[in-house]
Amino acid sequence: MTTTSTPELVASCWTSAGNAAPLQNPETSPVPIAERLEAIASTGWSGFGLAHDDLAEARATLGFPALRGLIDDAGLRYVEVELLTDWWDESLAPDWRPKFDLLLEAAETLGARFIKVGTSIGEPLDDLDFLVEPLRGLTAEAALRGTRIALEPMPFSMVGSVPDAADLMRKVDMPGCGLVVDYWHVFRAGTTLDELSASLEAEQIFGVELNDAAAEVQGTLFEDTRDNRRLCGQGDQNVTGFIRALKTLGFNGPWGVEILSNEHRALPVKEALLTAHFTTSDCFPTD
């Protein structure tokens, strides 16, 4: 498949992190930030994401204003920062509040489009109303810093599907609160493209993450998402159909690409980025 125009692609944080993975302690990438930015820019990406631990290290060493200078020099247009959890539980504020403060500072200084938030690993919940007011609070704070809050539903978390998350967004009812729609999570939650299209509104979609997966889960859902994602077009998901469905809704990028796998982490970062960019671009429909 060939494309008639090049989509704007954002290397989500793990796509450029090298040998680092979620829930590793710490989650810091072994790739120096300047080298990472050069690799991202030189392989055709329009933007990138950074996780909390990398942001904390960058602030402590380089400083956010200097990092912003490197981003601008590299010509990268889009920045995303992540991930905040536990934000609904005030008893855990001594842990999550400093992380949120750092993410707010990073978003403001680096010009991040949104701060990605998630919920606890576990069985999806039927009643999500208890999240409405905490999300409103996060969103109001984010707005003061020039950014937004984007919730990512995951099938192994409290907010387990995009339809449930879209309903939650309608209850929050704030333009600065929306969703990150990751196709791995859509696929593994069993949400069809028709169900996805029926549940979502374009203005709810703050970010999209493209990837692929085998038809069958390997290990737990979390192990599968961390270690066994496939490059776009190399698994059993209908990546092109997913892109087409979101375009029909009115979303047209930039498009995040989140590749998490043992194979991807083992590659030199520039090779990993080049391969992820090429395979994703090749999945975009020509019509």
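In which helix do Asp-72 and Arg-68 both lie, and how many residues apart are they? Both residues lie in helix 3 (residues 64–74), at a separation of 4 residues, which is about one turn of the helix; helices (H or I, at least four residues) and strands (E, at least two) are DSSP runs, numbered from the N terminus. The structure is a predicted model, in which local features need pLDDT of at least 70 and side-chain atom pairs count only at pLDDT 80 or more, while totals for chains, interfaces and linings use all residues. Residues are numbered from 1 along each chain as its sequence is written, and side-chain values use heavy atoms, with hydrogens and water left out.

The side chains of Asp-72 and Arg-68 form a salt bridge, with 3.2 Å from N to O, where the term stands for a side-chain nitrogen of Lys or Arg within 4 Å of a carboxyl oxygen of Asp or Glu. Asp-72 is partly exposed at 45% relative accessibility, and Arg-68 is likewise partly exposed, with a relative accessible area of 30%; buried means under 20% relative accessible area, exposed over 50%, and partly exposed in between (1.4 Å probe, protein chains only).

In the whole structure, 23 salt bridges are found. Glu-108 and Arg-145 are joined by one of 2.9 Å, N to O. This pair links distant parts of the chain, since Glu-108 belongs to helix 4 and Arg-145 to the loop between helix 5 (132–144) and strand 5 (149–151), 37 residues apart. Glu-108 is partly exposed at 41% relative accessibility, and Arg-145 is partly exposed with a relative accessible area of 29%. A further salt bridge, of 2.8 Å from N to O, joins the side chains of Asp-224 and Arg-188. Asp-224 lies in helix 9 (residues 221–227) and Arg-188 in helix 7, so the pair ties together parts that are 36 residues apart in sequence. Both Asp-224 and Arg-188 are buried.

When neighbours within four places in sequence are left aside, Phe-242 is in contact with Val-181, Tyr-183, Val-186, Leu-193, Leu-196, Val-208, Glu-209 and Leu-210, contact meaning heavy atoms within 4.5 Å. Phe-48, placed in strand 2 (residues 47–51), is buried, with a relative accessible area of 0%. Residues up to four places away in sequence not being counted, Phe-48 touches Val-10, Ala-11, Leu-37, Ile-40, Ile-71, Leu-76, Tyr-78, Val-79 and Glu-80.
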